[in-house]
Amino acid sequence: SNQILQVTSTSATTQTFVLDGELNRIWNFESAREELIKLGAVESVVSNRWIANHYRWIVWKIAAMARANPDWHIQNNRWSPESIVEQLLYRYQVEYCEGKRTCLKKIAEGDMASEGLMVLCVADIFIDGTSVCESGYKPSSSRNILLELTDGWYSLKAQIDEVLCRAVQRNKISVGQKLFIFGAQNVGEKIPGSPLEVGDRFLLKIFANSTKIASWDAKLGNQKQANPFQVSIESVKADGGSISLVDVIIERVFPVIYFENNVKRTEVEEDEEMRKYDDECEKIMAEMKYSSEYDDTVDIRQLAFDNIGQRKVSRMLKIRVCDFPPEDCTDEKESASRILTIWNADPGSFKELKEGKRVKFIGLLPDSWHGECNLKMGTKRQFFSVPVTPEQLQRTKYRPRKNFEIQDLESINSGDEFDVMGVVLAADKNRITLTDTSLALLHLTVCQKANLKVGEIVCFKNVQFHHRDGNSNFFGQIGKDIGIIGGTSNTLAEREIRINLTQF
């Protein structure tokens, strides 16, 4: 009927029914309350506000199901007061008699975190405070957009980021759609209370990188599955907030870089700086110990630290990761690569982050720099390894390291990274020249400290290729951020190369 077609989430509360075909017998949510009380419901529990809320969601649901399946509606006579009372009574029994609550009620009352995986339905959209359901959708460039989200029993309003605002403006997110949501935050006054009372004081905030469209038949509410849904790193938006989960292969692990007062150091340089600092502390401690004012009850090491100042050093680990594609993906181009930055990484916690490993990260953040949306790990550091087979690795962008012969560098492009092992022919502060059994020469610009000797066999990793001059002279660079000088020969192939160079 036209009545069913016109029902919205806002008009459902005031929906009325005519009983027995008589216009003077109108049945509404107040009538429903009276019937519930007659059936034994506690009057103080089924307040007008409680009845109006549940009446709203029941009527909206029945109308939506009737529009989607008219035959079901006719055969089961669901668009009727009897059906509504039956569902109201069920909700009363679940909430009051069994003491169970839905996810939004628990969140509003402060008894459940909002970060877990939920499926919620868009009940209304507010643009500059105006309800779309009441006024009709009007495309707008306004960024002042709120969604009203419901778990089918209660609703809360949610702020959205700019990516989701654009999705609303393009009508990609509309009333009636269900959304998978992970990592929602509580904003506003954050004062717990009934969802029927908190109003706009208690809001959720959701993010595009942790939100996706759910199927029409997805069950509303908190989801029991252990992990959030996967997002490809190719689809991560720079202004889309925290990322629910990425499933990646670690392509490369770069050396840890140390920062102190805007000074960048490699591990070798940091070790040297730490030795200087310790020597200075020992010197001051010795002076204090032989001073006439020496007090053996005082921690002179701490006094020495205080005298020269505590060092404030930050560690930065970078790894390059690529998407682990779903089983139905056969196009390697769909497997993007990105740099993941981890600040102050604990070596023990991150020892499983090895090249060729498959890892799932939860709650990463976008990191936009150099015009590209990369990734970074925030304060919530949640990740776990997943088994991967060689056949599965072949479907990704990951390729194991291999040492190039210098003459074979003509096959790679400028900017590409490569590993090489060779004999040092010349070395100064910023330049190294080496060769190998191919007799070609590789000239490297060095951006980090390297104490190398002529005739030494050295392995270089993550070298950036520049160009070739046409005379078997190749040029590259060892960057401070990613280059490794003197890497150990771990593989059988590397050990064989070292043996050949020794004999050479």
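Student: Which residues does Phe-361 touch, not counting residues up to four places away in sequence?

Tutor: Contact means heavy atoms within 4.5 Å. By that rule, Phe-361 touches Ser-244, Leu-245, Val-246, Val-248, Ile-319, Leu-340, Leu-353, Met-377, Gln-382 and Phe-383. Please note that this is a predicted model, in which local features need pLDDT of at least 70 and side-chain atom pairs count only at pLDDT 80 or more, while totals for chains, interfaces and linings use all residues. Residues are numbered from 1 along each chain as its sequence is written, and side-chain values use heavy atoms, with hydrogens and water left out.

Student: What is a nonpolar core, and which residues of the largest one touch the most other members?

Tutor: In soluble globular proteins, nonpolar side chains tend to be buried together. A nonpolar core is a set of buried Ala, Val, Leu, Ile, Met, Phe, Trp, Tyr and Cys residues joined through side-chain atoms within 4.5 Å. Buried means under 20% relative accessible area, exposed over 50%, and partly exposed in between (1.4 Å probe, protein chains only). Here the largest core has 32 residues, of which Ile-319, Ile-342, Leu-353, Phe-361, Leu-364 and Leu-375 touch the most other members. Two or more residues each come from β12 (243-253), β15 (314-323), β16 (337-343), β17 (358-369) and β18 (372-376). The greatest contribution, 5 residues, is that of β12. Another core, of 31 residues, lies apart from it and includes Ala-12, Trp-27, Ala-123 and Tyr-154.

Student: How are the helices and strands defined, and which residues of helix α8 are buried?

Tutor: Helices (H or I, at least four residues) and strands (E, at least two) are DSSP runs, numbered from the N terminus. An α-helix has 3.6 residues a turn, so residues three or four places apart point the same way. In α8 (residues 162-169), the buried residues are Val-163, Leu-164, Cys-165, Ala-167 and Val-168. Their cover includes β3 (118-127), β5 (145-150), β6 (155-160), β9 (202-206) and β10 (211-213). Just after α8, Asn-171 has a positive phi of about 65 degrees.

Student: What is a polar contact, and where does the side chain of Glu-456 make one?

Tutor: A polar contact is a pair of N or O atoms within 3.5 Å; within protein, one must be able to donate a hydrogen and the other to accept it, and residues adjacent in sequence count only if both atoms are side-chain atoms. The side chain of Glu-456 reaches the backbone nitrogen of Lys-453 at 3.0 Å. Glu-456 belongs to the loop between β23 (441-446) and β24 (457-468), and counts as partly exposed because its relative accessibility is 31%. In strand β22 (residues 431-435), a polar side-chain atom of Thr-435 lies 2.8 Å from the backbone oxygen of Ala-440. Thr-435 is buried, because its relative accessibility is 7%.
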